[in-house]
Amino acid sequence: MLGLSELKQTRVYQEALEEGKAEGEAKGKQEGEAEATRKFALKLLRTGMNLQQIAEVTELSLEQIQALQKEIQQS
């Protein structure tokens, strides 16, 4: 039976570790892009741009834009 230190040295462990890192980086990048899109949509809402136009420009759904609009109204 392999101990933890031996297991960490196996190719399978190293490949799984690299795959996990890549997935984590991709998820972090995706979350960052989503936050940037959200902030951009909020700025467009504050300028008075039409909700449908904001949805088209940001590629967010109309429902998501309406939710952001409610956020602004509540703050």
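## R38 and its salt bridges

In this predicted model, R38 is partly exposed, with a relative accessibility of 27%. The side chain of R38 meets that of E71 in a salt bridge, with a nitrogen-to-oxygen distance of 2.5 Å. Because E71 belongs to helix α4 and R38 to helix α2, this pair ties together parts that are 33 residues apart in sequence. E71 is itself partly exposed, at a relative accessible area of 38%.

R38 also forms a salt bridge with E35, and here the closest N and O atoms are 3.7 Å apart. Both E35 and R38 lie in helix α2, separated by 3 residues, or about one turn of the helix. E35 is partly exposed, its relative accessible area being 34%. Taken together, E35, R38 and E71 are linked in a network of salt bridges.

The structure holds 4 salt bridges. One of them joins R11 to E15, where the closest N and O atoms are 3.0 Å apart. R11 and E15 are both in helix α2 and stand 4 residues apart, about one turn of the helix. An α-helix has 3.6 residues a turn, so residues three or four places apart point the same way.

The two partners fall into separate accessibility classes. R11 counts as exposed because its relative accessibility of 64% is over the 50% cut-off.

## The course of helix α2

Helix α2 spans residues 11–47. The helix has 37 residues and reaches 54 Å from its first C-alpha to its last, close to the 54 Å expected at 1.5 Å a residue. Two positions give a sense of scale along the chain: G24 and A36 are 12 residues apart in sequence, and their C-alpha atoms are 18 Å apart in space.

G24 lies in helix α2. This glycine is partly exposed, with a relative accessible area of 42%. After α2 comes G48, whose phi is positive, near 95°.

## The buried part of α2

The buried residues of α2 are A41, L42, L44 and L45. These buried residues of α2 pack against α3 and α4. For L45, leaving aside residues up to four places away in sequence, the contacts are L51, I54, I65, L68, Q69 and I72.

## The largest nonpolar core

In soluble globular proteins, nonpolar side chains tend to be buried together. The largest nonpolar core of this model comprises 8 residues: A41, L42, L44, L45, I54, A55, I65 and L68. At least two residues of this core are supplied by each of α2 (11–47), α3 (51–58) and α4 (62–74). The largest share, 4 residues, comes from α2.

L45 belongs to this core, and its contacts include the core members I54, I65 and L68.

## Links between α2 and α4

Two kinds of link between α2 and α4 can be set side by side. The buried residues of α2 pack against α4 as well as α3.

Key. Residues numbered from 1 in each chain as written. Predicted model: local features only at pLDDT ≥ 70, side-chain atom pairs only at ≥ 80, totals over all residues. Heavy atoms only, no water. Core = buried A, V, L, I, M, F, W, Y, C linked by side-chain atoms within 4.5 Å. Buried < 20%, exposed > 50% of the residue type's maximum accessible area, 1.4 Å probe, protein only. Contact = heavy atoms within 4.5 Å. Expected span 1.5 Å × (residues − 1).
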